[in-house]
Amino acid sequence: MEDTDLHEEITEPGWTGQVSQRIGTNRGTVIGTLIEQGFRRLRGVTLPPAEVAAQLKTYVRNEDDDQAIHKILNQWPVVVLTGVHGSGRFSTALDVLGRRVGENIRQVRREPDAPFGMAGLQETKTGWILDLRAEQPSAGFGRELVEDADRLPEGSCLVVLMSITAWAKCGQGATEIASPLEGPPRKDILRKQLKQAPFAINIEKWLSPEPISRSLDSLLPAQVAAWANAIITTEDIERRNGRPASDASPDTDYFKGLVLEVVKAAEDWRTELLNWHNTHSDSAYRNYLLAAAVLEGASSDKIYEASASLAAALKETPEPRSGQQGLGVVALTHTANADLQPDGTIRFRYNNYAEAVVDYFLDDRPHLLEEFTRWTAAQVTTLGESDLAAPLAQRVSHWTVHYTARHRRTSLLRSLAEQWSSSYADAACDLLVLAAIDDHAGALARSAYRRWAKETDALSTDFKVVLIQAFQRLATIYPTSMLSRIAELATPAHQDTVHSDKATAAISQALNVLWDQDDQRAAIHKQLTQWAGDHSKPQQSAAQSTFAHLATRRTPNGPALLTDSQITTEWLTDMWRSALPTNAWSPIVAQAFAYWMQTALDTPDFSPTIQQIFLHAVHRPADPHYSAPRMIAMQNLLYSWTPAPPSQQPSDATQLRDQLLTRLRAEDPAAPPDAHAPQP
């Protein structure tokens, strides 16, 4: 099914429903694995056969859909699969391509909303997936697909994934290559997923009850996974407590009760939690429930203490407690529909209940979002290196991405990343990367990152560093846009704003890491050239700050850019011309300039080249006019490197400075002639 793979959770050794379902909407797959899989897919490399097989393990083919798709592909090498979110487009593409081209399946690598052309798909006998599910191509896109279809190499084919509404706007004149997905009967999907359970289940007994069968009919394929997870986890909990689960007679009140629990769990317990909150208005109960949901699996004393700190974080006034200082752990745990385990830990009785509690709170108390996020971040920090810290960070991260996608808001994402940036930076970076590549939250998150980057002056140093690190990782799949984000963070909005040493180091490190990657270097070179030639101030500022950071790169032999055989003197001249601070002073440009001038002083072999670069950065013989702003900027840089007034005995540095200034002034066509120069 699309976007949710139950089998990845339930076939792991030692799987138990009590543990696996606690991670959140991604069914227990740890963040590192999700990021790795997402990067592999978005980088356009061949998808590993094992990963494809895992994706299709619970996939159920609809024969009518399949015949319609192959009918199109028998006539055209291109097919467009349309459907709504959760209709199974990506899984269907994998299934179709696997039978047509074998294991050579790749996703088209491209920046979101960038133009697409068949010319980039050059490999033969390759199955390509163009994922446009979150995009709206321009009008005429469908006709372009038809007209360019013959450009695909021999034996290759392309499957395009789109929404129904997007195709309706751009598919005119190309209806013959589109196939809307209906999907298989939902019972067949549930049956296939239940077969993947690590123990035998009486599947037909679960498919028969009317509350389940009625609900299944209205679901999309991807939504069936939640029901399978609810059934498997319910079976697991019942069996471990010595109860019969699906072995019981379907007519018993016991099994009917299990069916109702499954329905509530699959529907996120919303009605149940509404009734619970209407019944339990006391803050002691509510805060304990929420603390237990966030820290499920922790010891009872930790959860009890956390509920008190949560009350303080939410600015609640403690009410007078009754005998023995109020309600105890046993009463609070029982009321929260949880159990105190023999080892002293707290576990909820029902599948997906912890996640549902947090979701309910986030929906019910949006005005307390910031306080709750700050408290949650503090819990991760308080747990330190304990076994619970990492799972809690994973769980909260999944909740946050899910919330971002569902509510189409990034407030929780930013709040949590900011809170974690100072105390749990790795988790904050993982969270930002995960949100950016998520199928449903990705476009929204990346758009938000652009807004945040433009606020660079107002961001805390720790948050700025985490953003830079996330953008560096994301540049592997989105090189152009993420380089732009780094450049925006590196460019203060106001002249008097200076980055901290920590932020400057993070920017330099990110750019250096990317520059050292062969496939990224060409992209950065191209982007810098484009920015430098652009007349808009933001683009020129991006070129200035990015190049200046790269110009500070050092090698034992001198500036890395100067000693790189692949970099031409002409390009360096263009970039230094763009980097000259003609509008506002730039500390990083001054730092890079000072390093290059010191190199000219210390390494005589480099001096002529460096001087020529700086001379032509101000004025080339072919320039139509002499630029006074560039001349002034260069003069300011020279005096920043070696200030005036000079010492009584001029140093080598002042002599070099004055020598370069003299040469610069001589290039000015308006300068008066030297009276002592030889006359013609």
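1. Basis of the values. Numbering starts from 1 along each chain as its sequence is written, and side-chain values use heavy atoms, with hydrogens and water left out. The model is predicted, so local features need pLDDT of at least 70 and side-chain atom pairs count only at pLDDT 80 or more, while totals for chains, interfaces and linings use all residues.

2. Helices α30 and α32. Two packed helices are described by the angle between their axes and the distance between the axes. For α30 (residues 569-579) and α32 (residues 607-618), the angle is about 50° and the axes are 8 Å apart. Helices (H or I, at least four residues) and strands (E, at least two) are DSSP runs, numbered from the N terminus. Axes are lines fitted to C-alpha atoms, for helices over the stretch in contact, and angles run from 0 to 180 degrees between N-to-C directions. The pair is therefore oblique; angles under 35 degrees count as roughly parallel, over 145 as roughly antiparallel, 65 to 115 as roughly perpendicular and the rest as oblique. The crossing of α30 past α32 is right-handed, a term used if the near helix is turned clockwise from the far one by less than a right angle, with left-handed used if anticlockwise.

3. The α30/α32 contact. Helix α30 contributes T569, L572, T573, W576 and R577, and α32 contributes T609, I613, F614, H616, A617 and V618; contact means heavy atoms within 4.5 Å. These residues divide into 6 nonpolar, 4 polar and 1 charged. Ala, Val, Leu, Ile, Met, Phe, Trp, Tyr, Cys and Pro count as nonpolar, Asp, Glu, Lys and Arg as charged, and the others, Gly among them, as polar.

4. T573 and H616. Buried means under 20% relative accessible area, exposed over 50%, and partly exposed in between (1.4 Å probe, protein chains only). Not counting residues up to four places away in sequence, T573 touches I613, H616, A617 and R620, and H616 touches T573, R577 and P621. The side chains of H616 and Q612 make a polar contact at 2.6 Å. A polar contact is a pair of N or O atoms within 3.5 Å; within protein, one must be able to donate a hydrogen and the other to accept it, and residues adjacent in sequence count only if both atoms are side-chain atoms.

5. Helices α15 and α18. Helix α15 (residues 283-294) packs with α18 (residues 353-364) at about 125°, with axes 8 Å apart, and the two are therefore oblique. The crossing is left-handed. Residues L289, L290, A293 and V294 of α15 meet Y353, A354, V357, V358 and F361 of α18, a contact with 9 nonpolar, no polar and no charged residues.

6. E111. This residue is found in the loop between β2 (105-107) and β3 (127-131) and is buried at 14% relative accessible area. E111 and Y478 are 367 residues apart in sequence, yet 5.6 Å apart in space, C-alpha to C-alpha. A polar atom of the E111 side chain lies 2.7 Å from the backbone nitrogen of T480.

7. Positive phi. Most residues other than glycine have a negative phi. K315, in the loop between α16 (300-313) and α17 (329-335), has a positive phi near 60° and is exposed at 64% relative accessible area. R408 has a positive phi of about 55° and is partly exposed at 44%.
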